[in-house]
Amino acid sequence: MSRKEKIKAILDVDPERKESLLQTLSDATLDRIIFINKKLIERQLEETYLEMVN
């Protein structure tokens with residue numbers, strides 16, 4: 001995934017973030033942000049599923 005794609009993926013999930021700030025971060029930091037966003041989404045889906053089941 002290119003830097004541009006990573007930044008777009010982060011902004012898609014959290015449009016409040018500033019693209020100019022994301023441009024200053026390392027690729028490793030961008031990867032960590034994407035990883036954390038994925039985990040948060042997974043947890044939200046799991047919680048929603050559990051609410052629907054109960």
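Is V13 buried, exposed or partly exposed? Hi everyone, let's start there, and please keep in mind that this is a predicted model. V13 counts as partly exposed, because its relative accessibility is 45%. You'll find V13 in helix α1, which covers residues 3-13.

Now have a look at N37, which sits in helix α3, residues 27-53. Leaving aside residues up to four places away in sequence, N37 touches I10 and V13. With a relative accessibility of 12%, N37 counts as buried.

On to the charged pairs. The model has five salt bridges, and I'd like to show you three of them.

K6 is buried, at a relative accessible area of 7%, whereas D31 is partly exposed at 37%.

Next come D14 and R17, which form a salt bridge with their closest N and O atoms 3.3 Å apart. D14 is partly exposed at 25%, and R17 is partly exposed at 34%.

And then there is E42 with K39, a salt bridge with 3.5 Å between the closest N and O atoms. Both residues lie in helix α3, three residues apart, or about one turn of the helix. E42 counts as partly exposed at 45% relative accessibility, and so does K39 at 42%.

How values were computed:
Residues numbered from 1 in each chain as written. Predicted model: local features only at pLDDT ≥ 70, side-chain atom pairs only at ≥ 80, totals over all residues. Heavy atoms only, no water. Helix = DSSP H or I, 4+ residues; strand = E, 2+ residues; numbered from the N terminus. Buried < 20%, exposed > 50% of the residue type's maximum accessible area, 1.4 Å probe, protein only. Contact = heavy atoms within 4.5 Å. Salt bridge = Lys/Arg side-chain N within 4 Å of Asp/Glu carboxyl O.
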